[in-house]
Amino acid sequence: QVQLVESGGGLVQPGGSLRLSCAASGTIFSISAMRWYRQAPGKQRDLVASISSSGEINYADSLKGRFTISRDNAKNTVYLQMNSLEPEDTAVYYCNADIRSDTYYYRYWGQGTQVTVSS
């Protein structure tokens, strides 16, 4: 059984920073891509950033320069450093990862962590 658990969300003022973490646990043979998504109220869930097992990174165009994704393969953890936060960044942030526990890779989702940017 594999679980992804996010942490690090909360309330922050505009211009502030937060660092989200997402740790995978359970029976894990390998992890391929890891990703962060976000979903604002009434909107669809959008990809924020992704990072491959070799470290190849992609960002949503609108977020380049403010958000940084990274991963620690030894800890099966992906991070999202968010700087210069704006009220428009308010959303539930979800991580997902492609994880192999037996023969095949499956995509798992975390439960989400709320980020609220407000003064």
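# Sheet, disulfide and aromatic rings

User: Which strands form the open sheet, and in what order?

Analyst: The open sheet has four strands in the order E1-E3-E8-E7, with antiparallel pairing. Strands are DSSP runs (E, at least two residues), numbered from the N terminus. Two strands pair if DSSP finds at least two bridges between them. This is a predicted model, where local features need pLDDT of at least 70 and side-chain atom pairs count only at pLDDT 80 or more, while totals for chains, interfaces and linings use all residues. Residues are numbered from 1 along each chain as its sequence is written, and side-chain values use heavy atoms, with hydrogens and water left out.

User: Which are the edge strands?

Analyst: Strand E1 (2–7) and strand E7 (67–72), each of which pairs on one side only.

User: How many bridges join E7 to E8?

Analyst: Six, and E7 runs antiparallel to strand E8 (residues 77–82). Within E8, Met-82 stands opposite Phe-67.

User: New topic. How many disulfides?

Analyst: The count is one, taking a disulfide as a pair of cysteine sulfur atoms within 2.5 Å. Cys-22 and Cys-95 form this disulfide, with their sulfur atoms 1.9 Å apart. The two cysteines are 73 residues apart and link distant parts of the chain, Cys-22 being in strand E3 (residues 18–26) and Cys-95 in strand E9 (residues 91–100).

User: Are Cys-22 and Cys-95 buried or exposed?

Analyst: Both Cys-22 and Cys-95 are buried. Buried means under 20% relative accessible area, exposed over 50%, and partly exposed in between (1.4 Å probe, protein chains only).

User: Why is the disulfide called right-handed?

Analyst: Because the torsion about the S-S bond of Cys-22 and Cys-95 is about 45 degrees.

User: And the aromatics, how many pairs?

Analyst: Two aromatic pairs. Rings of Phe, Tyr and Trp (its six-membered ring) pair if their centres lie within 6.5 Å; planes under 30 degrees apart count as stacked, over 60 as edge-to-face and the rest as tilted. Tyr-37 and Trp-109 have ring centres 5.0 Å apart and planes at 55 degrees, so this pair is tilted. Tyr-94 and Trp-109 form an edge-to-face pair, at 6.4 Å centre to centre and 80 degrees between the planes.

User: Which charged end sits over the ring of Trp-109?

Analyst: That of Arg-45, 4.8 Å from the ring centre. The rule needs NZ of Lys or CZ of Arg within 6 Å of the ring centre and within 35 degrees of the ring normal.
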